[in-house]
Amino acid sequence: MKVLNKVFEGVNKAVGWLLILLFVTMTVAYFGQIVLRYAFDTGVRWTEELTRYCQVALIMFGAAMLAGKNGHINVSVLEALVPRSIRKWVIIGQQIVTGTFFAIDIKLGRDFMANASTQVSTNMRVPMMYV
């Protein structure tokens, strides 16, 4: 269990640095586009697309990191209503339902990636299956 906790901490630290990098990339791209547009009356077409993809990645990785820390808002009415002896089983049931949902979501996401594998993004020309 100690090894898993160390791995979990290492992954969280790496994801934290990735979140910082994504946010800095978004900020620099937005700021650069504003400066180019208003100071030099020109612009770069791909910055809007880059910032959108960075924002999506920021949300996804941030949500995963928060889920690992059990930091999401949840409705705990059911847990509060049942007796303590049953509460553990209710939580396990909730986790099973959540895991099933994510397994279905992953399957649908893989199908979507297969469908989008031939398409590329408009400005950056990145294959859409990676976006």
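Biologist: What do the buried residues of α1 pack against?
Modeller: They pack against α2. Keep in mind that this is a predicted model.

Biologist: OK, and which residues of α1 are buried?
Modeller: Asn12, Val15, Gly16, Leu19, Leu22, Met26, Ala29 and Gln33.

Biologist: What about α2, what do its buried residues pack against?
Modeller: Those pack against α1. The buried residues of α2 are Thr47, Glu49, Leu50, Thr51, Tyr53, Cys54 and Met65.

Biologist: Back to Asn12. Why does it count as buried?
Modeller: Because its relative accessible area is 12%, and buried means under 20%. Asn12 sits in helix α1.

Biologist: And which residues does Asn12 touch, leaving out those up to four places away in sequence?
Modeller: Met65 and Lys69. Met65 is also one of the buried residues of α2.

Biologist: How many residues does α1 have, and how far does it reach?
Modeller: α1 has 38 residues and spans 55 Å from its first C-alpha to its last. That is close to the 56 Å expected at 1.5 Å a residue.

Biologist: What comes after α1?
Modeller: α1 is followed by Asp41, which has a positive phi, near 55°. Asp41 lies in the loop between α1 and α2. Most residues other than glycine have a negative phi. Asp41 has a positive one although it is not a glycine.

Biologist: Is Asp41 buried or exposed?
Modeller: Exposed, because its relative accessible area is 72%, and the cut-off for exposed is over 50%.

Biologist: And what follows α2?
Modeller: That's Asn70, whose phi is positive too, near 55°.

Biologist: Which element gives the most to the lining of the largest pocket?
Modeller: α2 does, with 11 residues.

Biologist: What classes of residue are in that lining?
Modeller: The lining of the largest pocket has 24 nonpolar, four polar and two charged residues.

Biologist: What volume does the second largest pocket have?
Modeller: Its volume is about 520 Å³. Of the 14 residues lining the second largest pocket, Asn70, Asn74, Gln94, Gln95 and Thr98 are the closest to its centre. So we meet Asn70 again, the residue that follows α2.

Biologist: Which elements give two or more residues to that one?
Modeller: α2 and α4. α4 gives the most, with six residues.

Biologist: And by class, what lines the second largest pocket?
Modeller: Five nonpolar, eight polar and one charged.

Biologist: While we're on α4, where is Ile91 found, and how accessible is it?
Modeller: Ile91 is in helix α4. Ile91 is partly exposed, with a relative accessible area of 34%.

Biologist: How far apart are Ile91 and Leu4?
Modeller: They're 87 residues apart in sequence and 21 Å apart in space, going C-alpha to C-alpha.

Biologist: Last one: what's the average pLDDT for the protein chain?
Modeller: The chain averages 86, and 99% of the residues score at least 70.

Biologist: Which elements have the lowest and highest mean pLDDT?
Modeller: Helix α3 (residues 77–81) has the lowest, at 80, while α1 has the highest, at 91.

Notes. Residues numbered from 1 in each chain as written. Predicted model: local features only at pLDDT ≥ 70, side-chain atom pairs only at ≥ 80, totals over all residues. Heavy atoms only, no water. Helix = DSSP H or I, 4+ residues; strand = E, 2+ residues; numbered from the N terminus. Nonpolar A, V, L, I, M, F, W, Y, C, P; charged D, E, K, R; others polar. 1 Å grid on protein atoms, 1.4 Å probe; cavity = no way out; pocket = protein on both sides within 12 Å on 5 of 7 lines; lining within 4 Å. Points joined across faces, edges and corners; volume = space filled by probe spheres on them. pLDDT = per-residue confidence, 0-100. Expected span 1.5 Å × (residues − 1). Buried < 20%, exposed > 50% of the residue type's maximum accessible area, 1.4 Å probe, protein only. Contact = heavy atoms within 4.5 Å.
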